[in-house]
Amino acid sequence: MFSKTCEYGIRATIFIASQSYQNNRVGLKDIAKKIDSPEAFTAKILQILSKNNIIHSIKGVGGGFDIPKETMSQITLSQIVTALEGDNVFTGCGLGLHHCSEEHPCPMHEKFKAIRNELASMLETTNLEELAIGIKSGDTFLRY
């Protein structure tokens, strides 16, 4: 349902949040390893997330990535998806057509519209804090 960029971005952000929840800052190599993503690709994704103020980047010795605990409950999955993909997940055609609309619908328009709206709702109401707590407690995982 999501591109690899978006999948890795969500995983990376959840991992960073889970580590930040325990007062740990994490480096690129650890993030890439924990989310099973190529390091160079992960670096590009983290740069985008940092520019969009979703994660914080600190350079130098003792640096790395973190997310302040007090902002985790305010960062939703929809913010991550929008930063990485734009609004196409929320507005795009289910068949990938460029000119699908209410006035000129594709064959799947109405059925996909309901799924897209449900997905948007889930992404807008799911925040990093709840996902980080699931990782921390061991109830959920990012890698098998």
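Q: What makes K51 count as exposed or buried?
A: Exposed means over 50% relative accessible area, buried means under 20%, and partly exposed is in between (1.4 Å probe, protein chains only). K51 comes out at 65% relative accessibility, so K51 counts as exposed. You'll find K51 in helix α3.

Q: Before going on, what kind of model is this?
A: This is a predicted model, where local features need pLDDT of at least 70, side-chain atom pairs count only at pLDDT 80 or more, and totals for chains, interfaces and linings use all residues. Residues are numbered from 1 along each chain as its sequence is written, and side-chain values use heavy atoms, with hydrogens and water left out.

Q: Which residues of α3 are buried, and what puts them on the same side?
A: The buried ones are T42, I45, L46 and L49. They cover an arc of only 100 degrees around the axis, so they sit on the same side of α3; the arc is that of the directions from the helix axis to the C-beta atoms. As a rule, an α-helix has 3.6 residues a turn, so residues three or four places apart point the same way. On the other side of α3, A40, K44 and K51 are exposed.

Q: What do the buried residues of α3 pack against?
A: Their partners are α1 (4-21), α2 (28-35), β2 (64-66) and α5 (77-85). Contact here means heavy atoms within 4.5 Å.

Q: Why is the span of α1 said to agree with what it should be?
A: The 18 residues of α1 should span 26 Å at 1.5 Å a residue, and its end C-alpha atoms are 25 Å apart, which agrees.

Q: Why is the pair of Y8 and F41 called edge-to-face?
A: Rings of Phe, Tyr and Trp (its six-membered ring) pair if their centres lie within 6.5 Å; planes under 30 degrees apart count as stacked, over 60 as edge-to-face and the rest as tilted. A search of the whole structure finds one aromatic pair. Y8 and F41 are 5.7 Å apart centre to centre with 80 degrees between the planes, and that makes the pair edge-to-face. Y8 lies in helix α1 and F41 in helix α3, so the pair ties together parts that are 33 residues apart in sequence. Y8 is buried at 11% relative accessible area, whereas F41 is partly exposed at 28%.

Q: How do you know that S37 and T42 make a polar contact?
A: A polar contact is a pair of N or O atoms within 3.5 Å; within protein, one must be able to donate a hydrogen and the other to accept it, and residues adjacent in sequence count only if both atoms are side-chain atoms. The side chains of S37 and T42 are joined at 2.6 Å. S37 belongs to the loop between α2 and α3, and its relative accessible area of 10% makes S37 buried.

Q: What makes K4 and E7 a salt bridge?
A: A salt bridge is a side-chain nitrogen of Lys or Arg within 4 Å of a carboxyl oxygen of Asp or Glu. For K4 and E7, the closest N and O atoms are 3.3 Å apart. Both residues lie in helix α1, three residues apart, about one turn of the helix. R11 forms a salt bridge with E7 too, at 3.8 Å.

Q: How far apart are N and O in the salt bridge of D66 and R25, and which parts does the pair link?
A: The salt bridge of D66 and R25 has N to O at 3.7 Å. The pair links distant parts of the chain, with D66 in strand β2 and R25 in the loop between α1 and α2, 41 residues apart.

Definitions and conventions
Helices (H or I, at least four residues) and strands (E, at least two) are DSSP runs, numbered from the N terminus. The expected span of a helix is 1.5 Å times one less than its number of residues.
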